[in-house]
Amino acid sequence: QVQLVESGGGLVQPGGSLRLSCAASGTIFMINAMGWYRRAPGKQRELVATITSGGSTNYTDSVKGRFTISRDNAKNTMYLQMGSLKPEDTAVYYCNAEVLGLHYITQNYWGQGTQVTVSS
């Protein structure tokens, strides 16, 4: 079994920064694509950014130039550096990973989410 645990959320003022982390643990042979998603109050979950095992990244337009996704493959950990935060970035942020694990089966996993609130 694989677990994803997010951390780093909190309350920040507009214009501020936060760094989210997502640590994967369990029986892991390889992690393919990883990504950050978010769900704002009253809205559907949306993709924020993704990163491949090779480091190729993709961002939703609303965070381009403000957020940076990265990963440390040796630590099975992914990060989201968020800057110039806006109130509309307020949401629960979830990490997602495609993991080659036990019995060499690839499965998709989700973390439990971490709250990010941008408010003065």
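Author: Buried means under 20% relative accessible area, exposed over 50%, and partly exposed in between, with a 1.4 Å probe and protein chains only. The model is predicted: local features need pLDDT of at least 70, side-chain atom pairs count only at pLDDT 80 or more, and totals for chains, interfaces and linings use all residues. Residues are numbered from 1 along each chain as its sequence is written, and side-chain values use heavy atoms, with hydrogens and water left out.

Reader: What makes Glu6 a residue with no salt bridge?

Author: A salt bridge needs a side-chain nitrogen of Lys or Arg within 4 Å of a carboxyl oxygen of Asp or Glu. For buried Glu6, the nearest side chain of opposite charge is Arg45, 9.2 Å away. Lys and Arg count as positive, Asp and Glu as negative, while His and the chain ends are not counted. Therefore Glu6 has no salt bridge.

Reader: Which backbone nitrogens does the side chain of Glu6 reach?

Author: A polar atom of the Glu6 side chain lies 3.0 Å from the backbone nitrogen of Gln112, and the side chain reaches the backbone nitrogen of Gly113 at 2.8 Å. A polar contact is a pair of N or O atoms within 3.5 Å; within protein, one must be able to donate a hydrogen and the other to accept it, and residues adjacent in sequence count only if both atoms are side-chain atoms.

Reader: How do you know that Arg38 and Glu46 form a salt bridge?

Author: Their side chains meet at 2.6 Å, N to O, and the cut-off is 4 Å. Arg38 also forms a salt bridge with Asp89, with the closest N and O atoms 3.0 Å apart. That pair links distant parts of the chain, 51 residues apart.

Reader: How do you classify Lys64 and Asp61, which meet in a salt bridge?

Author: Their N to O distance is 3.0 Å. Lys64 counts as partly exposed because its relative accessibility is 48%, and Asp61 counts as exposed because its value is 61%.

Reader: Why is Tyr104 called exposed?

Author: Its relative accessibility is 58%, so Tyr104 counts as exposed. With Phe29 and Met30, Tyr104 makes a nonpolar surface patch of about 350 Å². Patches are made of residues with over 30% relative accessible area and no salt bridge; like charges are joined within 9 Å, nonpolar side chains (Val, Leu, Ile, Met, Phe, Trp, Tyr) within 5 Å.

Conventions:
Accessible areas come from the Shrake-Rupley method with a 1.4 Å probe; for residues, only the protein chains shown count as cover. Helices (H or I, at least four residues) and strands (E, at least two) are DSSP runs, numbered from the N terminus.
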